[in-house]
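Visitor: I am new to this structure and would like a close look at a single part. Please walk me through the sheet and the elements beside it.

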Protein chains: 2
Amino acid sequence: MSNPINTRIVLAARPSGEPDASHFRLERLPVPAPGPGQVLLRNRYLSLDPYMRGRMDAGRSYSPPVAIDDVMEGRTVGEVLESRHPGFAVGDQVVATGGWQTFAVVDGDAITRRLDGMTLPLSTALGVYGMPGFTAYAGLHEIGKPQPGETLVVAAASGPVGATVGQIAKMRGARTVGIAGGEAKRQYLETIGFDVALDHRADDFSEQLRTAVPGGIDVYFENVGGKVFDAVVPLLNDFARIPVCGTIATYNARGQVLPGPDRLPGFFSQILRQRLSVRGFIQRDFIDLFPRFLEEMGQWLADGRIQYREDIVEGLENAPEAFFGLLKGRNFGKLVVKLE
Amino acid sequence: MSNPINTRIVLAARPSGEPDASHFRLERLPVPAPGPGQVLLRNRYLSLDPYMRGRMDAGRSYSPPVAIDDVMEGRTVGEVLESRHPGFAVGDQVVATGGWQTFAVVDGDAITRRLDGMTLPLSTALGVYGMPGFTAYAGLHEIGKPQPGETLVVAAASGPVGATVGQIAKMRGARTVGIAGGEAKRQYLETIGFDVALDHRADDFSEQLRTAVPGGIDVYFENVGGKVFDAVVPLLNDFARIPVCGTIATYNARGQVLPGPDRLPGFFSQILRQRLSVRGFIQRDFIDLFPRFLEEMGQWLADGRIQYREDIVEGLENAPEAFFGLLKGRNFGKLVVKLE
């Protein structure tokens, strides 16, 4: 390889509200050489996820923000082109935090997963068989704990977290209600086994949800917030569990002052009266469960018990537009950028 | 006994907002006779607790409301005067849901606890060695889980729940910050071992709290709500736990529309960012722990490792006024009405 060029997208400015093209900048630079203990990766797939919106903001979150002019953070599937780490050889396929770029130099010790012997498509290591799938698995295992006969509700249910939540909960014997935006996604939910599938864009969505859960809601897997949350709250049963892994509806509203009334004190009264349990998590909080997830989910995928859908966009240059669409629910399935 | 008279206080009307004397009515009626399986109790002590405000409202809570013209619900220590239940004999001392009255007929099977061989004052079975003490014990054991070196904050800290929370957390190795209203209570907190004691009436209370927790807050035991909660929220550490056993500050506000801004979406974002855990509970949710509590707390009290304070009011006719004071924080220690 003579002087290959790395194409990368950096954070150009911090958005207030919705991000747009002005907040990113595409750059072409020579591919850097790996130092001792590092490997050079050719990124094949880049995962686009809602949490990335949070990384664009300054301030406190569960991870530090991306710095201005730094490459946008992102998980990738990559192939080792050059290795200065004894654990990796040229040609190895790995999952790494490779970022929004076509090549990446990463510390070998920081590579989170090898994909040796993977029989599923490599892109699934970024979706149903990766972080989003594990988010669903761990959130249900540790917090949601759906029991046979209970009712679980999840929104963004055609996405990689929501779809997996619904299918695992169904295997656990729960009745599942999936919510998505638009009729195509709604119909898809029915094909993957949700007992009830609803379109949150319907004018009478709240009424539809009420009708769909005659016995109330025992688990609300919160990955969206906004109007779905508002419709769910009055339908919660005593002892309901709310794992919170995302609040995408408010990601763009951070720091904004929202109009009243103030519902927080009333929600705390409800938490007490109904003995609700609300807990935020990200998947790495439960990383000890990951080997068990790989084994169990690998089997479910091989058996066809868990289905998944990917939304694959070609070319890094299309990543920003795809990401804007993700924040608006325009993707249909796990959003992945194919990088070659 | 020839025709003894039962003095009782019934719910005369449902308050909207603060209750006052017009919502109660004192009645004198002949003492009823116990039926098969029942016992007649002479109530000696009546516990007054914040949760009773909730029972005055119609509508959904963790227990049904008291009906209009029914005797107010309340836990009592009583002595068996007459027994038609094989498990109880005349003279037995018990804890029962005897209500705001001097005599009570209750099902023997519904008596929650016998006080045979109790060496502590009987009134403590309604306080530190009863439901409030168990609320503290169970909430810490199951939800708060203070670890050595962590910081715990609790308000209403001179009350029976808060004082016990602070002392147990201290035994568990946590740093404890107690909050109460007024200088006398604040000083009392120092005598029972809180590392820092604050008066929430201070103009610069929020600043004082911030200064008191340089390492942030790991456990906020929520039994008050209101301005203490508001001051706590920005100081919470990642993975903080918030057991919620009371929101007394808003008990009178139920059904009211509170002015904005709406803090609920922002709080959910914080729950996610900081992986907070918020869980409502009442002590009976953890009733399996009660025998262990009796053993452990009995020993702590005998050893003087847990201290307590009672606020004893004489005479049932003074119960309503004492209850109004309880809702305003005027009591100093566990509020108990002595009934003879």
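Guide: A pair of facing residues makes a plain starting point in this predicted model. Val177(B) has Val196(B), a residue of β10(B), opposite it. The two strands concerned, β9 (residues 175-180) of chain B and β10(B), are parallel and share 4 bridges. Both belong to an open sheet of 12 strands with mixed pairing, ordered β10(A)-β9(A)-β8(A)-β11(A)-β12(A)-β13(A)-β13(B)-β12(B)-β11(B)-β8(B)-β9(B)-β10(B). At its edges are β10 (196-199) of chain A and β10 (196-199) of chain B, each of which pairs on one side only. From one strand to the next, the twist averages 15°.

Helices pack against this sheet. In chain A, helix α4 (residues 183-191) touches β9 (175-180) and β10, and its direction makes about 170° with that of β10(A). In chain B, helix α3 (residues 160-171) lies across β8 (151-154), β9 and β11 (217-221), at about 170° to β9(B).

β11(B) runs parallel to β12 (residues 236-244) of chain B, and 2 bridges join them. Ile217(B) has Leu236(B) in β12(B) as its bridge partner. Together with helix α6 (residues 226-232) of chain B, β11(B) and β12(B) form a right-handed β-α-β unit. β12(B) is also parallel to β13 (residues 277-280) of chain B, with 4 bridges between them. There, Gly280(B) in β13(B) is opposite Val244(B).

Notes: Residues numbered from 1 in each chain as written. Chains lettered and ligands numbered in written order. Predicted model: local features only at pLDDT ≥ 70, side-chain atom pairs only at ≥ 80, totals over all residues. Pairing = 2+ DSSP bridges. Axes fitted to C-alpha atoms, helices over the stretch in contact; angles between N-to-C directions. Contact = placed C-beta atoms within 7 Å. Right-handed = clockwise from strand over helix to strand, strands pointing away.
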